[in-house]
Each structure stands twice: as C-alpha cells, then as structure tokens.
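Please consider the structure shown below. The paragraphs that follow lead from its charges and overall build to one part of its surface.

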Amino acid sequence: MDVRKLDGTAVLESVRILEQAAPEDWAAPTPCADWNLRELVAHMAGQHRGFAAAAAGGGADLSVWRPAELGDDPVRTYRAAADEVLEAFAQPGVLTREFALPEISTTITFPAPVAIGFHFLDHVVHGWDVARAIGLEPRPDDDVAEAALVFALRVPDDERRHGPDAQFRPALTPARGAGTLDLALAALGRTPDWTAPADREQGARDITAAPTHRETSMLADLRTHVARRLGLPQEEVFDGRPLSAVLVASPDAINSIDLLDAFAGALADTGVDDDVELPTMTLDHTAEDVVTALGKQLATTTS
C-alpha cells in the first residue's frame with residue numbers, strides 16, 4: 001500500500017470537489033455538525049499546513065494546526081494548502097521520519113506512514129463531507145475506498161469518541177449491502193445517506209412541487225422500469241417510503257449511485273432520456289417525488 005499515493009489522490013479529489021462549490025454553498029451545513037462549509041474547509045486547510053509542518057519536524061507547535069484564514073478566495077487558499085502538504089510528503093526521506101501530532105498525542109510521535117495514513121483517512125472523510133454539503137455524490141476510486149476502510153477499522157471505537165472534541169463519532173451499523181466507502185463512513189460514525197436539511201433545498205433542487213399537467217402514460221412506464229431495475233414490486237418502490245428505505249429493500253441496489261442508475265436506465269427504457277434530466281434527489285425524497293419532477297419536465301417538453 002503506497003500511502004503517499006493514496007493520500008495524494010484523496011487530497012486532489014477534495015480540491016476537485018471543492019472547486020464545484022457555488023458562492024451560496026459556503027454557509028451550508030455539513031455532516032460535521034459544528035461546522036458550516038467554510039468552517040470545515042478552514043479546518044481542512046489548517047490540517048494540511050499542520051501535517052506539512054509535522055513532516056518538516058515542526059508539528060509539536062500547536063499554532064501550526066490552527067484553522068486557516070480563507071480570505072476572499074477560499075478555493076485558492078485551500079488549493080495552496082493542499083499543494084503545501086503534498087510537497088512536504090514528497091520530500092526525500094520523509095517516510096523515515098517521526099511526526100509530532102499534538103492533536104492526537106502530546107507524549108508520543110508517529111512513524112511517517114502511520115501519520116500520513118491519518119491524513120489520508122481524514123481527507124477521504126472530509127472530502128465526502130464537502131461533497132455532501134454541496135449536494136454531490138463522491139465516487140472515490142476502489143483502491144482509495146478500500147484503503148479508507150482498512151484505516152477506518154483501525155480507529156479505536158471507545159470512550160474517546162464520545163467527547164465534544166472527538167475526531168470521530170461512535171461507529172454506526174451499516175446498511176445491508178453497503179458499499180466500501182459507506183462501510184468506512186459508518187465505522188467512523190458518519191451517516192452515509194446524510195443530506196442537507198430540507199430548508200436548504202431551493203430552485204432546481206425543489207423536486208416535490210406538484211405537477212402542472214396530468215400524469216402521462218410515459219410516467220406509468222417509467223415507474224414499471226424503475227421497479228424492475230431495483231428488483232422490487234412497484235408498490236414497494238412507490239408507496240411513499242423514502243429512497244433510503246427503498247435502497248435497503250432493493251436486492252439490486254447497494255448505494256445511492258445504483259438508485260441514480262436505476263432512474264437513468266428507466267428513462268432510457270421509456271425512451272425519454274433525451275427529453276428530460278434527472279432532478280437532484282436525496283435519500284429523504286420518495287421515488288414518487290422524482291417521478292413528479294420528471295412529469296413536470298415532460299409536460300413542458302410535450303406541451
């Protein structure tokens with residue numbers, strides 16, 4: 001396992017995700033309940049700088065771990081901090097060093113591969129936090145997700161997770177058939193199907209408004225194909241339960257990406273994939289919410 005390569009992949013992915021944040025997203029809530037997006041990114045950038053200092057032998061100074069001042073261009077500031085830590089980890093001989101990580105322990109130091117593993121896991125999880133905060137579904141490479149799970153399972157699930165300053169919360173029981181990343185998230189106390197509070201939904205994200213035209217036969221076909229692709233009777237998919245419950249019941253879908261694929265495939269099966277686009281949906285929505293939003297689009301294109 002090349003921990004530096006994995007860490008670099010995770011850090012650069014967090015940059016890519018953050019570059020998609022809109023101006024209104026910076027005050028958005030995140031899965032880190034105490035932080036909005038700007039506060040979370042300030043923490044992440046501060047951690048990059050702290051680990052860079054630790055790689056150079058200066059990690060014992062608590063001041064280097066302070067949250068970063070993001071200024072007027074938070075993405076640029078974050079990208080610079082990411083470049084700083086990746087450059088620090090790439091230095092010759094770094095893997096033979098001991099890192100002082102005072103936020104974890106003030107009495108011992110950590111071998112570089114272990115310390116870089118901490119950084120890797122932290123930014124896989126925080127990259128997911130950022131993605132969920134801005135309404136994206138992160139898709140890490142398989143090797144990244146698998147390594148994150150290995151590291152996550154090494155984190156003790158003990159009383160230290162119950163304190164107000166705990167880095168991770170007590171582990172949760174994962175959903176049946178959970179994907180690798182979801183297993184890692186649950187092991188660290190994250191709720192894999194976390195979504196922003198409903199009052200954050202706005203504009204194109206409002207997929208629950210009533211349709212303006214009567215339901216067409218195409219929507220009936222769409223329901224049939226969605227249920228078939230999920231391997232469930234139609235009445236179990238469209239009975240008003242949230243998509244999170246549909247995901248648990250489905251024998252053919254193991255994560256939210258599979259749900260998206262089921263709807264996208266059903267659109268193609270119905271022959272309307274060129275006429276409409278899938279609305280933004282969360283696991284708190286119902287399948288009927290999605291069909292209603294698609295019905296509004298179809299009404300517009302066929303009127």
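The 25 positive and 49 negative charges of the protein have mean positions that lie 2 Å apart. Lys and Arg count here as positive and Asp and Glu as negative, while His and the chain ends are not counted; each charge is placed at NZ of Lys, CZ of Arg, CG of Asp or CD of Glu. The model is predicted: local features need pLDDT of at least 70, side-chain atom pairs count only at pLDDT 80 or more, and totals for chains, interfaces and linings use all residues. Residues are numbered from 1 along each chain as its sequence is written, and side-chain values use heavy atoms, with hydrogens and water left out.

The protein contains 11 helices and 2 strands (DSSP runs, numbered from the N terminus: H or I of at least four residues for helices, E of at least two for strands). Read from the N terminus, the order of elements is α-α-α-β-β-α-α-α-α-α-α-α-α. The C-alpha trace spans about 70 × 40 × 35 Å along its principal axes.

Of the 303 residues, 47% count as buried, a term that means under 20% relative accessible area, with exposed meaning over 50% and partly exposed in between (1.4 Å probe, protein chains only).

Asp142 belongs to helix α5 (residues 142-154) and is exposed, at a relative accessible area of 59%.
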